[in-house]
Amino acid sequence: MAKQQLEVLNALDVAKTQLYHFTAIIIAGMGFFTDAYDLFCISLVTKLLGRIYYYEAGSSSPGTLPPNVAAAVNGVAFCGTLSGQLFFGWLGDKMGRKKVYGMTLMIMVICSLASGLSLGHTSKSVMATLCFFRFWLGFGIGGDYPLSATIMSEYANKRTRGSFIAAVFAMQGFGILTGGIVTLIVSAAFKKRYDALPYSLDPAGSTVPEADFVWRLILMFGSIPAAMTYYSRMKMPETARYTALVAKNAKQAAQDMSKVLQVEIQSEPEKVDSIAMQERGQFGILSKEFARRHGLHLVGTTTTWFFLDIAFYSQNLFQKDIFSAVGWIPKAATMNALEEVFKISRAQTLIAFCGTVPGYWFTVALIDVIGRFAIQMMGFFFMTAFLLGLAIPYHHWTTPGNHIGFVVMYAFTFFFANFGPNSTTFIVPAEIFPARLRSTCHGISAAAGKAGAIVGSFGFLYAAQSKDKTKTDRGYPAGIGVRNSLFVLCVCTFLGLLCTLLVPESKGKSLEEMSGENEEEEMQESVRAVGNGRALVGGIVEA
């Protein structure tokens, strides 16, 4: 607080970058690595699942997942993620960040393995168990969002806090990239060992029985990085801001941070008691006072994340369909099942390497230089511009010889998503709300984003279908086409740009300054000073 700021919080705010910062980034970041791998690897194998479990003898095209199954397989993890963000965000403020942190990781490990072991003798039973376990996988992933962001923001110093939180989130890019690389390696190995003729020449034989192991291995790989970091998460001390400001245990906060910072820190129990007295009856998240102080901020963080994720997840999950539409991936009937998986993963790996990963690290390098607000506005603006550049001359991009230009433009939309709102929407909610509500508010903001992802993943699946019913995927109604779908995404990114005006800049400020917790004390001190002055005047008059 302004005049009563605890020494332990001051020490964290002004601490030089040390080994423990990088340790925290790696521990929290590996969770996000796993999150991204698990969420996006499913898009690499959905066409393979269709070939294996929905093959129809005599059909001119390979089997595809029926619309309702495809929507469930692609979107059910997001439903779980939304639930997990709300639940674990709230729990993180009630029980502490550390206690809940291990739960989310263990759920992710178990459900990653279980997804690959989906059981059953029929296509329905396999898809049902896959969706069941991916829902709970998403539930664990959801908890990682508010907890990782809050822990990193509360560990960091105020000068480089944005870069540290961005670095945690940047591991998402490596997770997406690794998903593509693992799929490339597994599909190439199986293709070399179990090669087959294309579907057009041998419909039944183009999908070898061993292909069933491919998607299972790819999904199960996600459990490895999560399991590797479980012990480290359990060894992390609780954040000082939670221990001191929420749990009111100044002695423990000082002991924990003395070890971490390797300096002697006074516990100052008197100040904690004083702060606790001032905070009695403080506003909750459903109060009018919260609405007055932080209502517009929460509206800003939720709406920007919602509109971003409609566009971001639509593009990520359905890259394979977009690349097929523009002819960068050959027609399905001209390939066998393993060859199709290989070419889809190659295309998505290239996009991740050229556009996704660099965008994240540009944010890490520049966020504490140019600020969150500027990066978010710039990102939404250029996403809108590049999506228009894809949509307006879409027929030009689909003609032979122009596919590379389309891929370059498409990669730029990912670059400016990640050097832009995909990073900042994660960072800002961890900085601008009070400590006792920080994890909850971040969970609400992230859940709004996942609501956008659900809209994007379910909606784009249908919307991107051809307007000509004879050219749609089997079982789908006519849609509005890829071109018009890109226009819809343009509208979403433009609305995100407008909603960014509601989000404050937090560069270079302490968490207490941004959350208004300093203001609370200063107002209380002013009220006490006025009261004391009146009492003094009254005493003089009486005398």
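**Helix H6**

I started with H6, which is mostly covered: 24 of its 33 residues are buried. I keep in mind that this is a predicted model. Next I checked the length of H6, residues 123–155. At 1.5 Å a residue, those 33 residues should span 48 Å, and the end C-alpha atoms sit 47 Å apart, which agrees.

**Salt bridges**

How many salt bridges does the structure hold? I get 15. I looked at some of them one by one.

Arg97 pairs with Glu154, with the closest N and O atoms 2.7 Å apart. Arg97 belongs to helix H5 (residues 97–116) and Glu154 to H6, so this pair ties together parts that are 57 residues apart in sequence. Buried or exposed, I wondered, for Arg97? Arg97 has a relative accessible area of 0%, so I put it down as buried. Glu154 comes out at 1% and counts as buried too.

Then Glu340 with Arg51: here the closest N and O atoms are 2.8 Å apart. Glu340 is in helix H16 (residues 337–370) and Arg51 in helix H3 (residues 42–53), so the bridge ties together parts 289 residues apart in sequence. I checked the cover on both partners. Glu340 is buried at 6% relative accessible area, and Arg51 is buried at 3%.

Asp212 and Arg216 make a local pair, both within helix H8 (residues 211–220). They are four residues apart, about one turn of the helix. An α-helix has 3.6 residues a turn, so residues three or four places apart point the same way. For this salt bridge I have 3.1 Å between the closest N and O atoms. Arg216 has a relative accessible area of 14%; the cut-off for buried is under 20%, so Arg216 is buried.

**A nonpolar patch**

Val491, Phe494, Leu495 and Leu498 make a nonpolar patch of about 330 Å². Val491 is found in helix H22 (residues 481–499).

How values were computed: Residues numbered from 1 in each chain as written. Predicted model: local features only at pLDDT ≥ 70, side-chain atom pairs only at ≥ 80, totals over all residues. Heavy atoms only, no water. Helix = DSSP H or I, 4+ residues; strand = E, 2+ residues; numbered from the N terminus. Expected span 1.5 Å × (residues − 1). Buried < 20%, exposed > 50% of the residue type's maximum accessible area, 1.4 Å probe, protein only. Patch = residues over 30% accessible without salt bridge, like charges linked within 9 Å, V, L, I, M, F, W, Y side chains within 5 Å. Areas by Shrake-Rupley, 256 points an atom, 1.4 Å probe, with all protein chains shown as cover. Salt bridge = Lys/Arg side-chain N within 4 Å of Asp/Glu carboxyl O.
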